[in-house]
Amino acid sequence: MRLFGTNGVRGRANEYISPEMATRVAKSLGTYMKSEGTVAIGCDTRISGQMLKSAAIAGALSAGLKVIDVGVGPTPSIQYYVRDYADAGIVITASHNPREDNGIKLIAGDGSEFPRDGERALEEIYFSEKYAVASWEKTGEFTTDPGVNDYYIRNILRSVDAESIRKRRFKVVVDTGCGAGALTLPFLLRKLGCEVLTLGAQADGTFPWRNPEPLPEALGELSDLVKKTGADFGAAHDGDADRIVFMDEKGEFVNEEVLLSMMAQYVLEGKKGPIVTPVSSSQRMADVAAAAGVELHWTAVGSINVARKMMEIGAVFGGEGNGGLIFPEHQYCRDGGMACAKLLEILASGKKVSDLTKNVPVYYNAKTKHPSKDPAATMEKVKAEALDLGLKVDTTDGVKLCFEDGWTLIRPSGTEPIFRIFAEAKTEARAEELMNRGLKMLKTAEGSE
Ligand code: MG
């Protein structure tokens with residue numbers, strides 16, 4: 001049985017994600033850690049956060065771990081703290097999921113996401129219910145640390161050229177969506193000398209302003225305010241602020257694939273080295289890497305795969321095409337606050353956000369989904385058919401068919417019983433065509449066509 005998906009475990013709060021589950025996950029972690037070491041436990045702003053955090057604290061103490069309650073903060077803020085002060089972390093968050101949900105995410109001692117094999121071992125303990133139970137005098141010690149977000153902000157300030165940014169006195173509109181980023185982003189920007197205007201900056205887990213996912217259609221007011229106030233750009237976080245998206249100075253949404261590539265371009269101007277991204281990312285990344293004369297490594301989908309590969313090869317930059325950017329000089333995880341500080345560093349040279357987006361190669365994307373019944377068998381058939389046809393195939397994650405002028409990727413979703421089909425090409429029509437080709441192959445493999 002599986003508990004953890006692509007990004008921890010998530011579901012309806014106080015139903016699937018119950019206090020009992022939080023206690024059992026924490027007990028499992030304590031058992032996995034042989035009742036030794038310190039775990040930092042925090043949560044995002046979701047209403048059920050304190051309830052689930054308390055339950056997780058109880059479980060960890062019962063297993064004999066020391067616990068530091070770090071309160072409410074962004075996932076990257078808690079990850080940074082774990083890296084420096086704990087042996088593991090538990091973050092109560094459902095990231096960009098809807099208001100009603102919550103979730104549990106585990107952090108490894110180096111601050112990166114918990115490794116997959118660790119999750120599997122922990123699941124085994126969870127389902128067997130064979131927990132380590134500390135004797136009464138060895139139940140864990142408990143402390144709190146309210147300084148987590150300040151520590152995080154201070155360290156971002158050290159990882160960018162704060163002096164150059166401060167001189168420019170930027171004006172920035174932020175929409176933190178009532179999530180955990182409300183506790184960090186406005187203050188980080190103020191410390192970078194910015195004039196900050198905020199939307200949804202009350203940390204309120206009922207999310208009265210918008211749902212936690214920063215979709216372009218949910219950010220109309222952010223766009224309007226950027227235009228009305230003549231701001232340099234707009235920024236919006238997801239619920240736990242590991243991701244960030246931007247509006248340029250004209251209030252235009254910056255496509256996240258374009259954001260990823262423009263950041264890669266900037267990093268590579270400063271230092272040459274390999275970069276990393278999942279196979280679902282845009283060909284733009286390959287073009288950017290080729291132009292800079294560096295290697296690009298494609299990984300399976302999931303930020304943990306990107307982060308681990310970056311550590312392994314000493315990459316200078318990595319990230320996903322969903323606003324999840326990883327800067328190794330700061331930490332090996334997606335970090336929305338750090339990404340915003342980096343954007344300011346780029347703009348400090350006098351460029352505008354729209355100048356940066358214009359510099360990135362143009363591609364068109366198409367995507368669709370299709371219900372899946374037997375994903376493993378279907379994927380084997382798709383792969384066999386593609387090889388029969390003599391197509392160039394990449395099977396890092398799902399089946400990616402590579403053509404001279406584009407690609408299509410067919411992969412089973414990690415969270416829903418569906419296949420996702422992505423395509424990319426130099427024209428809109430060709431992207432559609434490649435997407436449909438992928439869908440047709442999938443249907444043939446299923447025998448439904
Ligand atoms: Mg998130």
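Two strands count as paired if DSSP finds at least two bridges between them; helices (H or I, at least four residues) and strands (E, at least two) are DSSP runs numbered from the N terminus. For a landmark inside the pair, pick valine 91, whose bridge partner in β5 is lysine 105.

Before moving on, note that this is a predicted model, in which local features need pLDDT of at least 70 and side-chain atom pairs count only at pLDDT 80 or more, while totals for chains, interfaces and linings use all residues. Residues are numbered from 1 along each chain as its sequence is written, and side-chain values use heavy atoms, with hydrogens and water left out.

**The whole chain**

Zoom out and colour by domain: domain 1 is 9-146, domain 2 is 151-357 and domain 3 is 364-446. These bounds come from an automatic or database domain assignment. The C-alpha centres of domain 1 and domain 3 are 37 Å apart.

**The six-stranded sheet**

Now show the rest of the sheet around β4 and β5. Six strands make up this open, mixed sheet, in the order β1-β5-β4-β2-β3-β6. At the edges you'll find β1 (9-12) and β6 (142-144), each with a single partner strand, so one side of each has no neighbour in the sheet. Neighbouring strands are turned by 20° against each other on average, direction ignored. For such angles, axes are lines fitted to C-alpha atoms (for helices over the stretch in contact), and values run from 0 to 180 degrees between N-to-C directions.

Helix α2 (residues 49-62) lies across β2, β3 (66-72), β4, β5 and β6, running at about 170° to β2.

While you're here, click on lysine 34, in the loop between α1 and β2. Lysine 34 has a positive phi of about 55° although it is not a glycine. At 65% relative accessibility, lysine 34 is exposed; the scale is buried under 20% relative accessible area, exposed over 50% and partly exposed in between, with a 1.4 Å probe and protein chains only.

**Arginine 46**

Go to the loop between β2 and α2 and select arginine 46. Is arginine 46 buried or exposed? It's buried, at 3% relative accessibility. Leaving out residues up to four places away in sequence, arginine 46 touches a list that includes Ala94, Ser95, His96, Gly205, Phe207 and Pro212. Follow its side chain to two backbone oxygens: proline 98 at 2.8 Å and aspartate 101 at 3.0 Å. Such polar contacts are N or O pairs within 3.5 Å; within protein, one atom must be able to donate a hydrogen and the other to accept it, and residues adjacent in sequence count only if both atoms are side-chain atoms.

**The magnesium ion**

Which residues coordinate the magnesium ion? Show Ser95 (OG), Asp238 (OD), Asp240 (OD) and Asp242 (OD), at 2.0 to 2.1 Å. Donors are N, O and S atoms within 2.8 Å of the metal (3.2 Å for Na, K and Ca); water is not among the atoms, so sites may look incomplete. Along the chain, the donor residues are spaced S-x142-D-x1-D-x1-D. Serine 95, in the loop between β4 and β5, and aspartate 238, in the loop between β9 (233-237) and β10 (244-247), are 143 residues apart and link distant parts of the chain. Serine 95 is buried at 5% relative accessible area, and aspartate 238 is buried at 0%. Check the backbone of serine 95 too: phi is positive, about 50°, although this residue is not a glycine.

Strand β7 (residues 171-175) pairs with β8 in the parallel sense over five bridges, and valine 172 stands opposite valine 196 in β8.

**Last stop**

Finish on leucine 296 in strand β12 (residues 296-299), which is buried at 17% relative accessibility. Beyond four places in sequence, leucine 296 is in contact with Ile275, Val276, Thr277, Met285, Ala286 and Ala289.

Note on methods:
Contact means heavy atoms within 4.5 Å.
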